[in-house]
Amino acid sequence: MMYGREKSDSVVVAGKSPNKTGQPAAEAMERRTEAKENVKQQSMRRAQNRESVKQALDRVRRAARQRKKERFTTLFHHITIDLLRLSFLALKRDAAAGVDGVTWQEYVLGVHRGAYRAQPSRRRHIPKADGRQRPLAVAALEDKIVQRATAAILNQIYEEEFLGFSYGFRPKRSQHDALDALMTGIGGTKVSWIIDADIQGFFDAVSQEGLVRFLEHRIGDRRIIRLIQKWLKAGVLEDGVVTTSDRGTGQGSVI
């Protein structure tokens, strides 16, 4: 399914009158006008869809801000066609493959009736500065779309929990922002020491059961929990073999 480009029925060669193409000038003009109108309407629909999604996510954000201890029991319905479409468009630059003919409606119906099946992630290794290899989990495009939509909803809740000096894996924040804040801090304050710590193999060793229990403090919608459990249990494909574990998460996946 292609978005962002419409093909007009009529072709006009620069420097030539439309009626030289063998069709009446009025008809050529009508078709060009119709094509422009289609593009305009499509642009307006996208803007309306983005605004609709933004308003829904903002409502979740406000509820999270106002009710810090409350568990959210009705989040699943926010995974809509519009949110999935925006999630796909956000991934499009990085996604070489298409959507394999699966429509937004089929995504939503499959997710909401429980027919959606998470696929194993493909294992990929990238070199680290110390010579070791960092294992990454490359999710299938369909999983990326649903994961990004789910993460957009969860972000509205957990962004209200994080402190200002937290930068890791947060929307519109990066390691460069963290380094800028660090330089500002040590440049304007007398600093005697700095601690640099890392939890070894955290993504590979984290307890999936513990992760779900942590989520359940705020997420009471069992459908969202089951969706996350599907991704945790989908496993990893490496050298043609799928392996699963009750520990670890897919480092590098969207969710």
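1. The model is predicted. Glutamate 160 counts as buried, because its relative accessibility of 15% falls under the 20% cut-off for that class. Its salt-bridge partner is arginine 65, with the closest N and O atoms 3.3 Å apart. Arginine 65 belongs to helix H1, whereas glutamate 160 sits in the loop between helix H4 (141–158) and H5, so this pair ties together parts that are 95 residues apart in sequence. In contrast to the buried glutamate 160, arginine 65 is partly exposed, at 44% relative accessibility. The pairing also belongs to a network of salt bridges, in which Arg61, Arg65 and Glu160 are linked.

2. Overall architecture. The protein chain has eight helices and four strands. Their order along the sequence is α-α-α-β-β-α-α-α-α-α-β-β. The protein chain has 255 residues, of which 29% count as buried.

3. Salt bridges elsewhere. How many salt bridges does a search of the whole structure find? The search gives twelve. Side chains of opposite charge can pair when their charged atoms come close. One of the salt bridges joins lysine 54 to aspartate 58, with 2.9 Å between the closest N and O atoms. These two residues are four apart in helix H1, which means that about one helical turn separates lysine 54 from aspartate 58. Lysine 54 is partly exposed, with a relative accessible area of 44%, and aspartate 58 is also partly exposed, with a value of 26%.

4. The pair of arginine 222 and glutamate 216. A salt bridge is formed between arginine 222 and glutamate 216, whose closest N and O atoms are 2.6 Å apart. Arginine 222 counts as partly exposed at 38% relative accessibility. Glutamate 216 likewise counts as partly exposed, at 23%.

5. A search of the whole structure finds one cavity of 30 Å³ or more, and the volume of the largest cavity is about 30 Å³. Which residues line the largest cavity? The lining is made by Arg46, Asn49, Asp82, Arg85, Leu86 and Leu89. Helix H1 (25–66) and helix H2 (81–91) are the elements that give two or more residues to this lining. H2 provides the largest share, with four residues. In terms of class, the lining of the largest cavity comprises three charged, two nonpolar and one polar residue.

6. Leu179, Leu182, Met183, Ile186, Val191 and Ile194 make a nonpolar surface patch of about 540 Å². Among them, valine 191 lies in the loop between helix H5 (175–188) and helix H6 (202–205).

7. Threonine 150 is a residue of helix H4. Is threonine 150 buried or exposed? Threonine 150 is buried, with a relative accessible area of 1%. In sequence, threonine 150 and isoleucine 224 are 74 residues apart, while in space their C-alpha to C-alpha distance is 7.9 Å.

8. Positive phi values. Which value does phi of lysine 172 come near? Phi of lysine 172 is near 60°, a positive value in a residue other than glycine. Lysine 172 is located in the loop between H4 and H5, and with a relative accessible area of 86% lysine 172 is exposed. Aspartate 239 has a phi near 55°, which is again positive in a residue other than glycine. The position of aspartate 239 is in the loop between strand E3 (236–238) and strand E4 (241–243). Aspartate 239 is exposed, with a relative accessible area of 77%.

Technical notes: Residues are numbered from 1 along each chain as its sequence is written. This is a predicted model: local features need pLDDT of at least 70, side-chain atom pairs count only at pLDDT 80 or more; totals for chains, interfaces and linings use all residues. Side-chain values use heavy atoms; hydrogens and water are left out. Patches are made of residues with over 30% relative accessible area and no salt bridge: like charges are joined within 9 Å, nonpolar side chains (Val, Leu, Ile, Met, Phe, Trp, Tyr) within 5 Å. Accessible areas come from the Shrake-Rupley method with a 1.4 Å probe; for residues, only the protein chains shown count as cover. A salt bridge is a side-chain nitrogen of Lys or Arg within 4 Å of a carboxyl oxygen of Asp or Glu. On a 1 Å grid over the protein atoms alone, a cavity is a set of points where a 1.4 Å probe fits but cannot get out, and a pocket is an open set with protein on both sides within 12 Å along at least five of seven lines; lining residues have an atom within 4 Å of a point. Grid points are joined across faces, edges and corners, and a volume is the space filled by probe spheres set on the points. Ala, Val, Leu, Ile, Met, Phe, Trp, Tyr, Cys and Pro count as nonpolar, Asp, Glu, Lys and Arg as charged, and the others, Gly among them, as polar. Buried means under 20% relative accessible area, exposed over 50%, partly exposed in between (1.4 Å probe, protein chains only).
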